[in-house]
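Welcome to my notebook. I opened a new structure today and jotted down what I looked up.

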Amino acid sequence: MRLVSYLDGALERVGVEHAGRVRSVEAMVPGGPRTMAELLAAGPGMMARLHLTADAPAPDIGTRLDELALLSPVPRPGKVVAVGINYLEHATEGGREAPAEPVLFAKFPTAVVGSGADITWDPGLTTAVDFEAELAVVIARDCRRVDVSAALDHVLGYACLNDVSARDLQFADKQFVRAKSLDSFCPVGPAVVTTDEIADPQTLSIRCLVNGQVMQEASTAEMIHGVAELVSFCSRAFTLEAGDIIATGTPSGVGWYRDPKRMLHDGDEVVVEIDGIGRLVNRCREETA
Ligand code: MG
């Protein structure tokens with residue numbers, strides 16, 4: 001099942017996408033949840049009911065996906081936990097060793113936007129904006145101290161994520177939060193694809209394209225710490241809540257470490273694409289004073 005959040009006028013809504021069309025959950029389950037937050041709060045019973053309805057889709061029902069103003073499938077997660085160096089070749093291109101344990105940092109929830117939204121920045125603040133294609137893990141329910149063997153049971157599904165990074169701020173600050181939390185620096189989407197459709201999150205092809213040119217291309221099989229290990233590792237330190245997002249790290253090929261460097265500029269189109277999940281498309285805009 002492919003869950004999307006979108007704007008219906010000024011109202012946020014959650015829907016199910018099938019074959020390029022979106023039906024609101026509210027229409028599929030009368031009196032049901034209207035937003036992703038309400039859907040997550042309704043629990044596994046509601047999700048199971050929705051699966052049954054979604055598995056018998058009627059053609060030509062709903063709104064065309066490409067006519068909707070998409071939000072991140074979870075428009076305002078409680079937290080976005082990001083994983084530093086989690087692909088060996090990305091560690092190598094940055095001149096670093098593979099870490100023995102996951103290295104975590106945070107992106108502020110206010111950075112989250114959906115597919116189709118602009119990535120924007122003030123050119124007086126940063127002139128080194130970079131892309132990082134990542135697999136996003138969306139947590140299904142609140143959990144703490146989860147074993148690796150049970151970790152995937154706590155995952156709702158997967159999405160594409162762009163861990164947009166202001167490299168000049170990152171290296172000046174010597175840590176990540178400001179550089180990776182500018183408004184619009186966490187595009188997520190287009191949908192969250194539920195785990196029943198992704199048999200193994202470690203077999204997915206992931207790539208990043210800038211203006212149609214492939215900049216990153218890898219398999220999630222190359223992750224140093226896999227999804228189950230990351231969920232378990234996080235949950236040993238803090239509570240993971242329904243709707244929280246884990247950004248699982250980026251492969252090699254980011255703009256900063258290319259020769260010559262390839263930073264993002266006004267007008268660039270960035271696509272993060274993961275097979276079986278979809279394409280997250282965002283255009284870059286420098287803010288004018
Ligand atoms: Mg990253």
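**Entry 1: a word of caution.** I am working from a predicted model.

**Entry 2: the metal.** I looked up what holds the magnesium ion, and found Glu132 (OE), Glu134 (OE) and Asp163 (OD) coordinating the ion at 2.0 to 2.1 Å. Along the sequence, I read the spacing of these donors as E-x1-E-x28-D. Glutamate 134 sits in strand β11 (residues 133–139), while aspartate 163 belongs to the loop between β12 (155–162) and β13 (165–166), so this pair ties together parts 29 residues apart in sequence. Are glutamate 134 and aspartate 163 buried or exposed? I checked, and both are buried.

**Entry 3: the domains.** Next I turned to the division of the protein, which gives domain 1 (2–70) and domain 2 (80–286). I noted 25 Å between their C-alpha centres.

**Entry 4: where the domains meet.** I found 8 residues of domain 1 in contact with 17 residues of domain 2. Together the two domains bury about 970 Å², with 61% of that on carbon and sulfur atoms.

**Entry 5: polar links and elements.** I searched the interface of domain 1 and domain 2 for salt bridges and got 0, but 2 residue pairs there are in polar contact. On the side of domain 1 that touches domain 2, β1 (2–8), α2 (36–42) and α3 (44–54) each give two or more residues. The largest share, 3 residues, comes from β1.

Methods: Residues numbered from 1 in each chain as written. Predicted model: local features only at pLDDT ≥ 70, side-chain atom pairs only at ≥ 80, totals over all residues. Heavy atoms only, no water. Donors = N, O, S within 2.8 Å, 3.2 Å for Na, K, Ca; no water. Helix = DSSP H or I, 4+ residues; strand = E, 2+ residues; numbered from the N terminus. Buried < 20%, exposed > 50% of the residue type's maximum accessible area, 1.4 Å probe, protein only. Domains from an automatic or database assignment. Contact = heavy atoms within 4.5 Å. Buried area = accessible area lost by both parts, 1.4 Å probe. Salt bridge = Lys/Arg side-chain N within 4 Å of Asp/Glu carboxyl O. Polar contact = N/O pair within 3.5 Å; in protein donor to acceptor, adjacent residues only side chain to side chain.
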